[in-house]
Structure formats: C-alpha cells, structure tokens
Amino acid sequence: MAEQEGGAKGRRMSTPVVIAAIAVIAVVLLAVFFLTQRPQAPAPPQVTVVRFAGWSAGETEMKNYEKIISKFQQENPGIVVKYEVITQMFSENILASYAAGAAPDVFYLDSAWAPVFISKGAVYPVGDKLPKEFVDQFYPFLLEPFKGPDGKLYGLPKDWSVLSLFYNKKLFAQAGVPEPTEAWTWEDLFTAARTIYQKTGKPGLVIHAEFNRWLPYLLSNGAPPPVFSSGADAAYFDNTAVKSSLTRFIELFQQGRKEGWIVIPADVNAGWSGEAFGKQLAAMTIEGSWMIPYIVDQFPDFKYGSDWDLALIPKGSAGRATMAYTVALGVNSKTENLDAVLKFIMFIQGPEGQRELVVRMGHTLPSIKTLASDPELWPSHRKELSYVEKYNLVQVFFYGPKTGELEGKFGQVLGAAVKGEISAQEALELLKEKVAESFKS
Amino acid sequence: MDFFEKSKKMEALVFLLLALYPLTLNFFFGYFSMLFAFTLSLFEWDILTQAKFVGLKNYYDMFLELARGINELITSPRYVHLRTPFFNGLKNILVYTALVVPAQTLLALVLAAVANQKVRGSHFFRVAYFLPATTCPVIVSLIFIWLFMRDGFVNFLISPLTGGFKPDWLNDPNFLLPAIAIVAIWGTSAHFSVTFLAGLQALPKEIYEAARIDGANALARFVYITVPLLRPLVTYVVVLGTIGALQMFDLAWVMAGASGGAGGAGYTVALDIYNTAFIQLRYGYAAAKAVLLFAIIFTLNYYVQKKLEFGRVA
Amino acid sequence: MIRGEEERRVVYLAVAYTLAVVLAVIYLMPFLRSIVASFMTWSQASAYPPEWVPNPFTLENYMKLFRLSLFPRWILNTALVSGLVVAFNLVTCSMAGYAFAVLRFPRKDLLFSALLTLLMVPPFVTLIPNFILITKLGLVDNLIGLAFLGSASVSGVYLMRQYYLSLGKELFEAARIDGADPLKSYLYVALPLSKPALGALAIYQFLGSWNAFLGPLVFLRSVENFTLPVGLNFAFTRSLWTEYTPIIAGSLVASAPTIILYVLLNKYMIRGTVVAARKG
C-alpha cells in the first residue's frame, strides 16, 4: 500500500505543490508591483519643494516650526516646505543621506561640524547671494565658524547660547558670602566656593571636565584662542600662558576635589551640571543659556531672580572671556531650488522667524542684534545679552576642522586628570598627542 | 531507484519554494551592504567626497594600533584607553563576551526550567521572567544606572555577602564592565528563556518516565536528559548570544558614554567603529575594523557550532 | 513509602518556590523601579539616596504622553509594522526553517551558513549602504517598506530550523518513507508540532519590531510616520537635555502590548498538543 502510493505520487506533481508554486509566484509579482509604486504622486511642476531637516526639541518646537512654515507658505505660494525631524544621530543621518545623494536642501549645521562640511564642498556659500543688510543684522562673532577658508560665508546662525556664571542665592546667603559682582576675579570665585563648602557642606562650584568649559579661564589668563588646523598646532599646548593656566586649573581642581569644594557632576550623582545646580547640590556653575529653560521645566520651584541668578564670568589677568555656541542653517551645495531656499532662510532666520522660534521659546538666544531688546525676551536671557559687550572676548565653540573630534578626546584626558589618574604634565603631553593624532591621516 | 530520484528532485523543488523568499531578501540586502562595507575598507572615504583607493593601508594602521596596544598594556596600562582606543575596545568586548554568554545561557535554562514546573503560579513566574525582555535597552540602562549607585539597590543586596564592601559600579574602571554585563545578562537571559521554554514543551515524556523509574533524581534528569536533548536550541542561544555580545553598542553608549566611561572600561569595538566612521569621518578605516570584528565573530561561531554539533544527539 | 514521598514533595516544593521567588524579585526589580519612577518627578526619581515612594504622587508623566497629539498615531504605526512583520515571519520562517532542517538540497548547509553569516556583520558600517539601497528603492519614510525589510528574519529561520532539528530526524524520516511528499509532511506533520516554537517566534518578532529604534530612526523622516520608540524619543528630547520620566512612563505603556501578547500566547505554547510520534 505504502509503496504503491509512493510510486503514484512520485510520478506527478501533487496538487498542494502546484498550488504553493502559484501562490509564491503571485506573491512575488504583487510585491514587485507594490514596491515600484511611488507612495506619493509627484508635486505639480510649478510647486518647488524645499526639504528642511532639524533635530528634535519636542512637540512644542515642532508646532512652532509648523506655524512659521505655514505662514511662509502662505506668503510664498508655489513653495512647499517639507519639515523632517531626525531625533537622534543627526549628523550620521545627514552624512548617510549625502552618501545616497538624497541630502536635504536645508539643515541644521552645528558650529563644530561646519568646517567639515565647508571644506568638503557640501554646503553652499549663501553669503554670496544674501543681501548685505540682512547679514549685518547678526552678531559678527557668530559668523566666524561658518566662514570658509576662502572668506565666503556658508551659513547664518539661527540662534546661539552663551556661558555665564550661575549662582544659588540661598546658599550664598547661608554661608554669608557676598554675591558675585562685576569686579570678581577667578580668585574671588575660588575663595567663595571654598567658604561656601566650609559653611554649608555643599560644593561651591560644579563644572564639567570639558575643554570648552575651561576655555574662559584659559583665555582670560592670557591664553590665545585655540586653532587646530594641522598636527603642528599641537604646539598650542607649549604656549607659556596656556601651560601655566591649564596646569594651575588642573591642580586646583584635583586639590579642590579632594577637599570637596569643586566637583564634576558625577561626583554629586548628577548627569550634568545643570541637574546638579537645579537640585541645589552645588552653589555655582559655569553653564550655557540652555540651562535656563531646563530649570524652568524640571525644577519649577527654583526661581530665577529670587532663588538663583546669573553673573559675568570672572576676570583673569588678561581680561574677561566667555564661550558662544551656535547652530546655522546650512544649504546643500547641490540643491536644485536655491531661490526658494534663500527665501525660506531669510524668513526663518529673519526677525519674524526668530521672534517666534527663539524669543518666545526661550531655549536659546536670538542671533539678531536688534532682538536683544525685544519685549518678549525672557528676563534671564535679556540679562545674558546685556552682558555680551562686557566681555573682551566672546569665543565661539570652534577650534578648526576637527572641533568635534578634538573636544571629545580632550574631554577624556581632562576627565582623567581631574580624577587624579594622570598629572597635569602628563595631561598636557596627551593633549598634544591627541592633536597630532587627529591630523595624521 | 526511479522513485528515489524523483522524490529527491521534488524535495529540492519544495526546498526552493519554501526557502527562496528569505534567501533572496536577506542575501540581497545583506550581502550588498556587507560587500559594500568590506570593499570600502580598501579606501579612504570621508563620506562627503570621493573615496580614495589606499589598498591595505587601513589594515596596516589597524594592526599597528593593536601592536601598540599590547605594548601599552605591558608598559603603562593606565594609558591604554587614551592612546589606543581600538585595542581597548577589543580587549573589553572579548572579556565582556566571555562573561556574558555562559551566564545568560545558563540563566535562561534555569529560568525556563523553573517556570516549567507544574506548580501553582507557574504562569505568573513565566510572565515575570519574560518581562525584562520587553523593555528598550535605553530605558533599562537608565534604570540600572540608578540601581547601581553607591547606595543603590544592587549594593544593598550584595553588601551582606561582601562584608560591607560597596563598589562604585559606574565610576570604578574595575566594575563598569561587570555592571554593563549584568544589565545585559538580565535582559538576554529573560529573552532566551522563552526559547528554552518552547523547547522544553517538545520533549518526550517517555524518556523521563523511564529515567525516574530507574531512580534518577530531578537534577540528574535535568543534566543528563534535558540539556542534551535541547542541544540544537542551546546552540541557537549561544550563537546569537555571542554575536550580540561582540557587537554590543547601545548599553555601553548609555551607561558609559561615547568615550567608554571611567578608565575607558566601557568602550567597545562597536563604539569605536561608530566613532571612526562618523566622528572622525574615516569610513574606510572603520570598515577595516568591522572586517576584523566580523572575522572574530565568524571564527568564534564556527568553533562554537563545531563543539556543539548543530545536528541532533541520539 | 508514602510518607517519604510526601516529605520529598514538600521539600521539592519549598526549594522550587524559593528559587522561583528569588529569581522573580531579581528580574522584576528594575521593572518595579520604573513603575515607581513613572509616578515621580524627575528631581525625585533621580534623587540620591534613592527614594521609593512617589511624593508627590504625580500622573503628569502619563498625562504628557496622552497630550501628545501624535501618540495614537504612533501606536497605530507601530502596530501596523509589527503586525505585518509577525504575520510574514510566521509564514516565511517556519517554511524555511523546515526546509533547512529536513529537506535534502545540494549544498544546503553552505547556504545556511551564508545566511547566518549575515548576522555577524557589525552594525553602523552597514548603515550607509543600507540607506543608499533604501533611498534608491524609494522606500525611505515608508512604513510598509520598513515591514518588508523585516519580513524574513534570519534569526527567525534559525530558530525554527533548530526547533525542527530538536524534534528528531526519525519523525520526518518516517513520514518520508511513508511516501508523503515534503509539502504534505510540512503541513500535516511539522506545523501541528510547532506551536511552541511559533509562539516563541511570534513573541520575538513582535518584540523586535515593536521596540525597534535604529531601523525606524534611520528610515523614517516625517513625524507622522514615526513608530513608538522614535516618537517618544522625539517628543521628550529637547535639543540640550532629555525628559526621562515621561519616556519611562512611555516605555511602560509601550511594553504593555508585548506583555499581553506573551500572556495570551503562553497558554498556546503549553505542551498538550505535542504528540511524540516516536517509537522506541
């Protein structure tokens, strides 16, 4: 019986197999058909589509952007803006999209990344096409990172942030230490920090072990602004003023950390100095404008003006310095819709756009000078902007083509130094090595 | 004979029918990417401009760094993570894999066995043991960062056992990697317990009856019958576990940060590849490192499969 | 005799329960912690020394989730993709797994190794070529495309293959000798016995798809198309800091479907319908 059946079945294809074969072929055909369909119909020819990509800052910011975009589209019929959000790994995504030939027309361009994109010819020199009066509205020092070696301007800053000294009024009062004034020097700050620790048990200063946070100290004590464009620039760390101020700061930090009056955020179990300050775990910190909306959002009972305030960064032997951080809107050099893009940029970055996106949001500072006196500006931000002219040097977070990479490597070294794993001399050596290494290939 | 050959042809046809779609889909997407990446290891590419052919230079640089790393390890171990990050990453990931894979396989087996008992509430335990697998690695790392704090829950549990010694898991280079390993084991043993649970369902009852009658106790039955019969699934868990461990990225990223945390103890090869490709913009070099990692994974798995013989026993 | 057995049973139960409970506590602890944290404000949740009682007890984190206008849309998107992925994989992986385990085909082992090798390529270097491919195929920002990519998972095929291998060759040899053609053997012998493995497969594929972050992050662009993990990340990551407590609340809500699925499938996965068709 078994043999017979087997024999019979061996001689022709059984029905299930035939059915299966047909099914598979059908599925494959369907799939091919489906996938070759374009999901949307192409835009009608007289409409230009501008693709704009940014990283995320939550739903509110997205809604604000959508408001501005629809206003722009109303005033410019014939242009449609498609807003894309890349929530994490922004630069990797943009790079990948360049590789695939599908980069957006306009996208956020961080000051640390700008030199890379500029030198590789990936962004368009918009300065050539924008009217001079428009460009003159912006703070000149914010334009530096976006200028190419050819002197052309490749992007305009959409907003910016500045480092200030933040202090906790209550802790100061508790320790009986007078609040920071315009006359404060770094020594005054360190003394105050020590006293506050002695009197209240809380560290006087919390600050990240990062090169950009320490630069105000270095610059105000005579160090030149760092520029690293080749391996030879490692000699920056041989400069006398740099060596002495950096060594001093490292040793002070190492000693102070042992004693307890100066800490890194991890020492007080905080993710960053903003958190440490907001939780009132330390009396002072040197942080950027971004800390202000964070505190308003996460620590609403800790109020500006009554509980904490901000002050000028102290003076050093050579003056007073601070850091500026900014992001521009870069334009894809291969964009096909240059005119539409330019209109869009002028709208978003002009006073109207910034008023909606920057001034009212309160997360960053407006990059247009005239908006510094805008009535809708947050009081804390207004104060920061009023301080700008009191600094001898507002250094933008930009050290040359390898800013991002170097910042990371420097941070590693400084972190090890602060924890006492290496000495200040060793740290300086390693910093030089890192610079040389970055430019090797 | 005629029947035999016809049935062989039929089998081959049916095989194609059943396996064609997965094979073509995966081969197309997978091998294109793999060959693309491996070819580019012979180039220097910054992604934004043209790639430059450099032959074996990337490999040369890589082995040079590895050699320097070994040298640093012997002469000045404190600098290893600062001077030769790739070597550091490689060393870390190998140690990590050796820690994680046996532990998670064993635990997954134990969890499945315990949950499979016919006691009241086994259903609850089964769900409880699986829960860790339903969470995202990022959230889990966050929670564990909190649990690993010096006066956190983990130290609370172990301090009676260690006589009061409370390691600072996240900031001590000696304990950072074990901390990450613990988080991984917690998640993956839960994940794989489901596999073993499924496998346990398919085991034949008669053999157990025979063994019990012969006087074997529960533990003996487990070790000498269950485990060998589950061999193909054990292989599955070990192979996927090894592959996953060697490629680990997200846990280290959250718990140790992009530069590997305290003493670079949390730095992995995957982190290094990411840094090389996207921060340093040296995609070719990153691809060469990826080739090395791939070779390691491949050899290790070949060895594992040989040892466990992915066929079946008895 | 009977006394001894009863005693042994009690000891056995005691040991089994203790072990089970200890393991449960260890494995559930982080979960409990996130549930507790989801009802706290971040300043309390990240407080040190750690606190366990939410004070104030706040539903704000969950409210923030439901205030997101796109939250329901994201759930729908994720459900669509996961549903498709699971459905496809159940079919393709069991078919292919069976084929690799049981059927004869020239060089089949080599083919299988080649398939498995694909899992061993480190991530990130494949990001760019994958992106290029997806862009050229026009599948960027397309949820169906995302599902399509994951419709025949290699690890799924591997799982099914190992499972069929563990059922034993004799089972299928017997069927072959009886003259059943391979397809019938698959439909009437292998499939009925694969319930536990199919359950595991469904869970794994659903989980992988529902919680997937990197894939959707790279391939989806419009906010309306986001899946849940990416959407949560988007909503609560400010450019300079992240709000963690709503994300914790969100991930708990996001785990709920998988847990429900598992609870349901658990009953399905129990031995009962598995009849060992072995002889001697």
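Colleague: How many charged residues does the lining of the second largest cavity have by class?

Modeller: This is a predicted model, in which local features need pLDDT of at least 70, side-chain atom pairs count only at pLDDT 80 or more, and totals for chains, interfaces and linings use all residues; side-chain values use heavy atoms, with hydrogens and water left out. Residues are numbered from 1 along each chain as its sequence is written, while chains are lettered from A and ligands numbered from 1 in the order in which they are written. Ala, Val, Leu, Ile, Met, Phe, Trp, Tyr, Cys and Pro count as nonpolar, Asp, Glu, Lys and Arg as charged, and the others, Gly among them, as polar. By these classes the lining has eight nonpolar residues and one polar residue, and its number of charged residues is one.

Colleague: Which residue of chain C lines the second largest cavity?

Modeller: A cavity is a set of points on a 1 Å grid over the protein atoms alone where a 1.4 Å probe fits but cannot get out, and a lining residue has an atom within 4 Å of a point. Chain B supplies B:Leu111, B:Ala112, B:Ala115, B:Arg126, B:Tyr129, B:Phe130, B:Ser193, B:Val194 and B:Leu197. Chain C supplies C:Tyr262.

Colleague: Which elements give two or more residues to the lining of the second largest cavity?

Modeller: Helices (H or I, at least four residues) and strands (E, at least two) are DSSP runs, numbered from the N terminus. The elements belong to chain B, and they are helix H4 (85-115), helix H5 (122-130) and helix H8 (173-201).

Colleague: What volume does the largest cavity have?

Modeller: The model has five cavities of 30 Å³ or more. A volume is the space filled by probe spheres set on grid points, which are joined across faces, edges and corners. The second largest cavity holds about 50 Å³, and the volume of the largest is about 80 Å³.

Colleague: Which three residues supply 8% of the area that chain B buries against chain C?

Modeller: The contact (heavy atoms within 4.5 Å) takes 104 residues from chain B and 101 residues from chain C. The two chains bury about 9500 Å² between them, 76% of it on carbon and sulfur atoms; buried area is the accessible area (1.4 Å probe) lost on putting two parts together, summed over both. On the side of chain B, more of this area than from any other three residues comes from B:Phe15, B:Leu18 and B:Trp146.

Colleague: Is C:Asp141 buried or exposed?

Modeller: Most residues other than glycine have a negative phi. C:Asp141 has a positive phi of about 60° and lies in the loop between helix H6 (127-136) and helix H7 (143-149) of chain C. Buried means under 20% relative accessible area, exposed over 50%, and partly exposed in between (1.4 Å probe, protein chains only). C:Asp141 has 17%, so this residue is buried.

Colleague: What is the relative accessible area of A:Gln280?

Modeller: A:Gln280 also has a positive phi of about 60° although it is not a glycine. Its place is the loop between helix H11 (273-278) and strand S7 (284-288) of chain A. A:Gln280 is partly exposed, and its relative accessible area is 23%.

Key
1 Å grid on protein atoms, 1.4 Å probe; cavity = no way out; pocket = protein on both sides within 12 Å on 5 of 7 lines; lining within 4 Å.
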